[in-house]
Structure formats: C-alpha cells, structure tokens
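This briefing goes through one protein model, from its overall build to single residues. Please keep the sequence and the coordinates at hand while reading.

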Amino acid sequence: MGIFEKMEENDQEQLIFVQENENDLKGIIGINNTILGPALGGCRMLDYESEEQAVEDVIRLSRGMTYKSAVAGEDFGGGKTVIWGDPETHRTEGLFRALGRYIDALNGRYITGTDVGTQPEDFVLMRKETPYVGALPEEYGGGGDSSVPTAYGTYLGLKACCQYLYGEKSLEGKKIAVQGLGKVGFKLIKHLQDEGAEVIGTDVSSERIKRASGLGVEIVEPEEIYDVDCDIFSPNALGAVVNEDTIERFKCDIIAGAANNVLAEENFGHKLREKDILYAPDFVINAGGMILVCDELEPDGFDQERMMKKTERIYDQLLNIFELADERDIPTDQAARRLAENRMEKIKVTRTIGKGELNLD
Ligand SMILES: NC(=O)c1ccc[n+]([C@@H]2O[C@H](COP(=O)([O-])OP(=O)(O)OC[C@H]3O[C@@H](n4cnc5c(N)ncnc54)[C@H](O)[C@@H]3O)[C@@H](O)[C@H]2O)c1
C-alpha cells in the first residue's frame, strides 16, 4: 500500500520526513488529527527494519493518540514522532536538538515527549531549541514519572471492569495475571495487593521477577501466563498479545492492562466479545501518562492533585464505554472509538460558532 493510501485509511493529516546528515537524524513526525487542539504524542526511537515499518508505526501510533486524547476529554489532537536509529548508540545531543528545530518550525502544531527508546533527559536537550516539549523531569517543571498515573489509572480501570461485570468494584480475592513487571506493572501489583487481590506475574527480566517475588507474587514462565485460570488478565508488557495464537487460551473474564495496541488486529475485539471476555480498550485505560503531559501544558503549570483527579475519570469513562458497547452490541474498542469520534465531531461544530465575520475595514 502506498503512503497516501495509508494516510487516507487512517485520516492522517500530515507526515513530515526529517533528515540531517551531521547528526545522523532520520525521523518522521506524524500529525494524525488536530480537531481538538495541537497534536500531542511522544517520540519513539527504534532501529526499524525498513522505511515502510517506520511509516506504519508513526501512522498507527499517532492515530492511537487521537483517540486517547479525545476519550480522556483532553483538548489535544494525536501525533507521534519516530526516529529511525538504535537508542543504545544514536541518542546524541545533536540529534535531539536537530529534531527540536524541525518541531519548532511547526509553531506548536505538534508537542512531543518520551516514548519507547527515548528518555526525559533527551527532551531537556531538545527544549534548548523548542518550547513544544512535555514529559520533562520534575526539576524542569515536569510531572515526573508517567508510569505513576498510568498504573493508577489502570488499577481504577480494573475496578471499573469488576463493577460492570460483577456489580462490585472491589478487587479483594480476585485472581489477576499480570504480564510485565516493569515500571507500570510493578506499581500496579502494589495497588492490587493493597486491595487483597491474588497476583500471578511474569516477566522476561530476572531482576524484575526477583523484585516482584519479594512482594509475594507467584511467578510463572512468560509463555504460561496466557493459560492461567484467573478473573483478570492484565497485559503490561507488549502489544498484540490478543492474537490468533492466544485467543483460545485465555481463561479469564476480563482483559485490562496498560500495554499499547493489545489487540493484534481490530477484529479481535469482536472475538473477545463472542467469548464473553470484557476488554478495557488500551487507549482508554492507559491514558494516565498522557494526562500527566497534558497537565504540564496547562497555562498555570503542572498540578499533581489535579492530574490525579483527571486520571480518576478513567473509571467512569470505561463504564460509559461498556454501556455503549452493550447498547449497540459492538466490541468495547469500537464503542470507545465512537465516543472519541462523537466528541471530535461536536467540538468541530462548536468551533465554527462565531466564525462568520464581515470585515468592513
Ligand atoms: N509508562 C507509561 O506511562 C505508559 C503509558 C501508556 C502505556 N504504556 C505501555 O505499558 C506497557 C508497559 O510500560 P512500562 O513503562 O512499564 O515499560 P517497561 O519497559 O518498564 O516494562 C515492560 C516490562 O515487560 C517485560 N517484558 C518484555 N517482554 C515480555 C514478555 N514477552 N513477557 C513478559 N514480560 C515481558 C519487560 O522485561 C519489562 O519489565 C508498554 O506496553 C507501554 O507502551 C506505558
């Protein structure tokens, strides 16, 4: 499929290819949608196998940000940047400052921050060239570790799932299989244990397994996690974990976790519904980190309490989505996208009010 076809399929407004020899920068800034406001989305650095893979990634990720922001009630659009390079060897001052110059030239149409392969300190460097940067360290006025609100929002999301399915939001006594015990997963298991849930976990890192074992988490092999008989399966590691190989293996009532792009393809939303597994759409339940960045960009600066309050809205938003999905008999991820699209349509119309002007000068 050609680039324009891919853009058309995903309602992509803009792709900006940036290249700079001196600092070995090859990147793509993707602006998916700016109906609600400037496009917001992190900057991913990955040693892609091909140009095509980088283009696909930037379109898919920036589209996801459009939905994430719209459902969370934020006034930002969706964007993302991908840098084609190895984060172990290519993260240099020159590269991030060069990218900052290109982002600055967009005059605020796009705001960036960290994602896989980039670190807050990269954006401290970028900020020397542009103010359109979020997710900064606390000492630079940022909100700090985004995995804190992400884990908290995910925990509340699990409670919303229980409320909807069992009529009781408590996680006490629930058996929860957690895949990935990293920044988000580890904080999540603490919330779950505090509420009396039984946690089974897995990771590929021995150091992270050791840390979770220390909390009394029962550990299984990475491949075994899909077969655990449990109430909730919580993916907090990789994307595409609901796929052709795993769909028949799940023995849970609920799938809800922070990982991005949990469904390998959109039709797995239908398959989960057919199997009576309640799915909390990833771009809704994992919005805490994005909410933190949006709060940094408030005119009066970052406010921790306000940010956590906004994160708490994830609970009600999920309940709305589950109701809509049942009313329309559609998968929950589709219901969430409808909610986002409705909000964008309404705001688009609102913003035409007062536009008709007659200039008599
Ligand atoms: N950090 C955030 O604020 C945030 C926000 C939104 C979404 N997410 C998503 O949540 C997920 C977790 O993010 P994180 O910040 O905790 O990342 P992380 O890198 O700290 O943690 C991921 C963990 O998954 C483990 N892992 C990798 N492959 C695995 C496998 N096959 N089986 C089991 N474990 C495996 C890693 O060893 C690591 O411990 C990611 O998908 C990320 O995109 C994170």
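The points below are grouped by topic, beginning with the whole chain. The model is a predicted one. The protein contains 13 helices and twelve strands. Its radius of gyration is 21 Å, close to the 21 Å that the globule rule gives for 361 residues, so the protein is as compact as a globular protein of that length.

**Overall build**

- Taken along the principal axes, the C-alpha atoms fill a box of roughly 70 × 50 × 45 Å.
- Of the 361 residues in the protein, 48% are buried.
- Among contacts between residues at least 6 apart in sequence, 64% join residues that are at least 24 apart.

**Surroundings of the ligand**

- The ligand is surrounded by 24 residues, and the closest are Gly 180, Gly 182, Val 184, Ala 237 and Gly 289.
- By type, the shell around the ligand divides into eight nonpolar, 13 polar and three charged residues.
- Helix H6 and helix H7 (183-194) each supply at least two residues of this shell.
- The largest share of the shell, three residues, comes from H7.

**Helix H11**

- Helix H11 (residues 288-296) is mostly covered, with nine of its nine residues buried.
- The buried residues of H11 include Gly 289, Met 290, Ile 291, Leu 292 and Val 293, and also Asp 295 and Glu 296.
- Gly 289 of H11 is also one of the residues closest to the ligand.
- The cover over the buried residues of H11 includes strand E3 (39-40), H2, H6 and H12.

**Packing of H2 against H13**

- Helix H2 (residues 51-72) and H13 pack at an angle of about 75°, and their axes are 8 Å apart.
- Angles of 65 to 115 degrees count as roughly perpendicular, and H2 and H13 are therefore roughly perpendicular to each other.
- On the H2 side the contact is made by Tyr 67, Ala 70 and Val 71.
- On the H13 side the contact is made by Ala 336, Arg 337, Leu 339, Ala 340, Arg 343 and Met 344.
- The residues of the contact of H2 with H13 divide into seven nonpolar, no polar and two charged.

**Val 55 in H2**

- Val 55 has its place in helix H2.
- A residue is buried if 20 or more other C-beta atoms lie within 10 Å of its own; Val 55 has 20 such neighbours and therefore counts as buried.
- Leaving aside residues up to four places away in sequence, Val 55 touches Ile 3, Lys 6 and Ile 28.
- From Val 55 to Glu 248 the separation is 193 residues in sequence and 32 Å in space, C-alpha to C-alpha.

**Positive phi in loops**

- Most residues other than glycine have a negative phi.
- Ala 135, which is not a glycine, has a positive phi of about 55°.
- Ala 135 is found in the loop between helix H5 (120-126) and helix H6 (147-166).
- Ala 135 counts as buried because 26 C-beta neighbours lie inside 10 Å.
- Asp 329 is a residue other than glycine with a positive phi, near 55°.
- The loop between helix H12 (304-328) and helix H13 (332-350) holds Asp 329.
- Asp 329 counts as exposed, because 8 C-beta neighbours lie inside 10 Å.
- In short, Ala 135 is buried, whereas Asp 329 is exposed.

Methods: Residues are numbered from 1 along each chain as its sequence is written. This is a predicted model: local features need pLDDT of at least 70, side-chain atom pairs count only at pLDDT 80 or more; totals for chains, interfaces and linings use all residues. Helices (H or I, at least four residues) and strands (E, at least two) are DSSP runs, numbered from the N terminus. The radius of gyration is taken over C-alpha atoms; the globule rule is 2.2 Å times the number of residues to the power 0.38. A residue is buried if 20 or more other C-beta atoms lie within 10 Å of its own, exposed if 12 or fewer, and partly exposed in between; C-beta atoms are placed from the backbone. Two residues are in contact if their C-beta atoms, placed from the backbone, lie within 7 Å. A residue is near a molecule or strand if its C-beta atom, placed from the backbone, lies within 6 Å of it. Ala, Val, Leu, Ile, Met, Phe, Trp, Tyr, Cys and Pro count as nonpolar, Asp, Glu, Lys and Arg as charged, and the others, Gly among them, as polar. Axes are lines fitted to C-alpha atoms, for helices over the stretch in contact, and angles run from 0 to 180 degrees between N-to-C directions. Angles under 35 degrees count as roughly parallel, over 145 as roughly antiparallel, 65 to 115 as roughly perpendicular and the rest as oblique.
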